[in-house]
Structures are given as structure tokens and as C-alpha cells.
Amino acid sequence: MSVKVRFAPSPTGVLHIGSVRTALFNWLFARHNNGKFLLRIEDTDKLRSTKENINSIFEILEWLNINWDEEPVIQSSRLERHKELALELVERGKAYFCYCTPEELASKKELSIKEGRSYKYDRKCRDFKAKRSNIPAAIRLKSEIPGSTIVHDIVQGRVEIENSQLDDLVLLRSDGTPTYMLSVVADDHDMGITHVIRGDDHLTNTFRQIQIYKAFGWDIPQFAHIPLIYGPDGLKLSKRHGASSAQDYRQLGYLPEAISNYLLRLGWSHGDDEIISKSDAIKWFDLNSVGKSPARFDIAKLQNLNAHYIRERSNESLLELIKEFSCKSISEDSKNRILKGMNSLKERARTLKELAQAAEIYISEPLEFEESCKKYASPYHLDLLKEIVEIVENYQQIDEQTLCDRVKVLAKEKNTKLVEIAQSIRGALCGKLVSPSVFEIMEILGKTETIKRLQRYIATFAK
RNA sequence: GUCUCCUUCGUCUAGGGGUCUAGGACACCGCCCUUUCACGGCGGCAACACGGGUUCAAAUCCCGUAGGAGAUGCCA
């Protein structure tokens, strides 16, 4: 039997980075086994589900290159099927109508908590024989009471729970809408899902779902519950920790391949390999070596990986990518300059945002000079810069090597260190003291622009 | 409260009875390279939660304890 898995997000918000990892693991598992990866949108929570959220899920998966194999299943479109299924179970004596009102149940729950008992539905309506017409009723599963339910989870191993811990869960609400428990089981069955790979917050739900499978007499899929991702403080990663959705990281300037690589290594490993290409990931991925313990999200490691993948990208694609991170529009001239300087720029950037900022030196002259520049703007330094202006003016064209050699000679003549001159130039050209080689920048900027920036700097600090 | 799961450097992890003086990666620190910052190279710091067993031998197996997480919805 060929493998069929699904990723089933609910569009009640932006895609959490943990969900992205679930999607990735499902996708990798499908591709590794030559199986199918399906998408199901669990939009039964009408109040919180939005069209925008659905679109952003598609968009982010496409961005990550996680492609799906069939038309996505929209869960809300299967409402009638779910309803029929619930009724069918009642007919077969595996489920029953429950006439308890939410208020009634809430007060019972409150009471048991007050008395220090653990709450469970008391199965009051379990043995009513016939449907009482005209009274709104929910449908509950007549769950097994004796014995225990066992899951042989690919990641978690054998997990057993006493059936007495489970109560008669609601399959169909009194308003006629199906609950999550019914919908997942029905949809996974109808879609022919062979392996359910999801977050381990669903592990305890699995026991309830297995009872539903049994009530229908359906085959039970294999389960793999992967650990959740936690924040640096060990708590479930959320908005409190800052960036928590895939969109957040995209906007921060992370590359999809860096995110995939990072997420894959979180909780999974292949010997000492750290940099793992998509094709190796597909080749190597297996659920058995997914760890059971939760992992903390470490932004520094993601940054390191991102820096690596930035260096691997072509200069052209990087230029394309930084456009949306640049606050300035980039002219054709600037594009050419950035492209020339990209090799040096991309070596220094950990994110596209940083890259875009660093590239600004080729877009326009510095709008302001950082405080640190003042150290290299003393009358002494300005005099040196005047010499540089003269030197540059004497060349027809300037190139990095010649310039570097010539300035080294100047340093010797003036009995000063090269760093003193270079840092003044850097400040004048970039407005800050961190950048690629100043001689490279001068060459790319060209004679006219270089002189212009140097003179503006001299004029600014001469007062 | 009850149930379930987890616990190796700060973080992600390797390891599955002897090869562990516990390996790698990120981070951090130092040195080298060097016009700054990076890249790169070399080196360093740093962990088997605790307590009992089992065994000739335990990071590895068993039992407790502690800590952490998740689930306990007519949410998904």
C-alpha cells in the first residue's frame, strides 16, 4: 500500500512555525516513500477561519516549496457527510443523542472542580432509547468503558491509556455541526490517509479518535506524533516570543531553504550532518529517528544557516530578493553597482534585511554619519582625505588594486597606519565603519561619486 | 487534581551495556588572516537532572524522586 499523508491546518490565524515543521515532515515522509502529500483546510470554526488565512497558508507552503498532490480538501464542504456519519453511528447503537445543555454541563463541571474531583461527562443520556423530537440534541460516542486503548506511535512508541479515562465525546453538536474529532477521523478515512503525522499535542486525542475508528469498523492509520517547538524559555512558542509564524521569518529576511533546513534539524538528525539539501533530506528522512523530546527555537542557529544559504545564492537572485527589503527604489545604475559588490556584501549578511541595508551604500550617499565616524573625522583625518581626493582625481579610472597600493604608499609617506586612512574613507563613503573593502567600494562607485562623497564628508566635518 | 509524554554542553543533537578521557553544530572566548566588519583556518570553555538497583562493566537496562511539557471543550 502506498503512503498517503496530509497536512491539515486550520485557517484561524497565520501559519505557526511549528505547523510548518509538521507540514515539512509530512511532505518529506511522502516524498521519501514515493507517496502522496495532501492538504486539508480545517475551516469548521467559521468564526475564526478566513479566506486570507487560507490564502496565506497556500502562499507560504509554495514559498517553502512544499507542494501538494491533489486539490486541497476543504473540510467545511464535507459537513453533510459528517452529519450522516454521526447519525449512522446512532443507528448502529455506537452513539447516542445527548440532551444535556451546555449550561447544565458547565455547572456540573464547576461543581466537580470545586470538590477536587476530575471532571468527566456523567453519561446521563447514554441509555435513552429513542430520540425525543424537537429538542436540540448533540450526538455523543458510546465509548468503550472497560479495558484500555493502545497506540503504537512511530515516534512515541507504545502508549496506553485506560478507557475509564476517556469520556463520551461529542461527535455532532446540538446545532448539527460536526466536531473536530469526528471530522478528522472521517476525512482521514475518506481521503485514504495511511499515516497521520502531527504535533504531539494531539497524542491524547488519538485515543478518542481510535475509538471512533473502531465504532465505524474502519482501518486505523499509523500515527506519528512529533514534539512541539518551544520558545527559548521552554514554553510553547507563541507571539509572546516575538516572531512565531512562517510569515514573520519571511519578513525578517530568512530564506525558505534555511528555514526548512533548520526546522528539519530540530528534533531530527542524520549523523553529523548540519547543512542538508532538499534532495538529501528526502533521501534520508525517516520518522523513526525523530526525537521525542521537545526542542527550543534558537534564532542564532537559524541565522547561521541563513547566512550560509545567502552565500550559496546567486548574486542575481539576491538582488531580486532584497528589493522588497530596501526602503529605497533601486535604479539601473544602482543595480549594476550592487551586482558588482554582491560577492562581498553577501558574505557579511545573515538575513536579506541585513543584506538590503548593507547594499544601500551603492544606492545613495549616506544620509547621515554614525557617531563612530567622528573618530575618523578629525582635522588630521580630513587632511588625509584631501590627499585621497587628489589621488583619485589623478586617475582616469580607478580600480581596487591600484588604489589600495597607492594608499599604502601614502600611509607610509604620512607615517600613519593604513587603517587610519581606510576608516576615514569608509566613514565618508558609507556613513558607518563597517563595510566591505573601501577600495572595492571606490572602484564600484567610480571616480565621480567617490570624490563627491569624500568632499561632502570633508565639508560636513570641517566646520 | 487526573492521565500521557519528556530530561546528554547555554541551544540543537550523536550515542542504545565495555571503543566515552562523551563526538559534531550553533553561540561564546582566544589566536591567525586582515584597511573595518565578515568569510576562512586553528584552539578553548562547556553536558549524561537526582537517588537507588541490575551487571565484572551503565550516559546506555529497571525502579523511584524532582523538574518540564501536553491533554483533560458542544476549539481545532
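In the predicted model, a polar side-chain atom of arginine 348 is placed 2.3 Å from a base nitrogen of RNA strand B. A base nitrogen of the RNA is also approached by glutamate 274, where an N or O atom of the side chain lies at 3.0 Å. The side chain of aspartate 45, by contrast, has an N or O atom 3.1 Å from a sugar or linking oxygen of RNA strand B. Several elements give two or more residues to the surface near the strand, among them helices H4 (102-114), H6 (203-216) and H10 (299-312) and strands S5 (138-141) and S7 (157-162). The most is given by H16, with five residues.

On the RNA side, sugar or phosphate accounts for 69% of the atoms within 4 Å of the protein, and bases supply the rest.

Glutamate 274 is also among the residues touched by arginine 265, together with Asp273, Ile276 and Lys301, when residues up to four places away in sequence are not counted. Arginine 265 belongs to helix H8 (residues 256-265). Its relative accessibility is 21%, so arginine 265 counts as partly exposed. A polar atom of the arginine 265 side chain is positioned 2.9 Å from the backbone oxygen of tryptophan 268. Between arginine 265 and isoleucine 276, which are eleven residues apart along the chain, the C-alpha separation is 8.7 Å.

Note on methods
Residues numbered from 1 in each chain as written. Chains lettered and ligands numbered in written order. Predicted model: local features only at pLDDT ≥ 70, side-chain atom pairs only at ≥ 80, totals over all residues. Heavy atoms only, no water. Near = heavy atom within 4 Å. Polar contact = N/O pair within 3.5 Å; in protein donor to acceptor, adjacent residues only side chain to side chain. Helix = DSSP H or I, 4+ residues; strand = E, 2+ residues; numbered from the N terminus. Buried < 20%, exposed > 50% of the residue type's maximum accessible area, 1.4 Å probe, protein only. Contact = heavy atoms within 4.5 Å.
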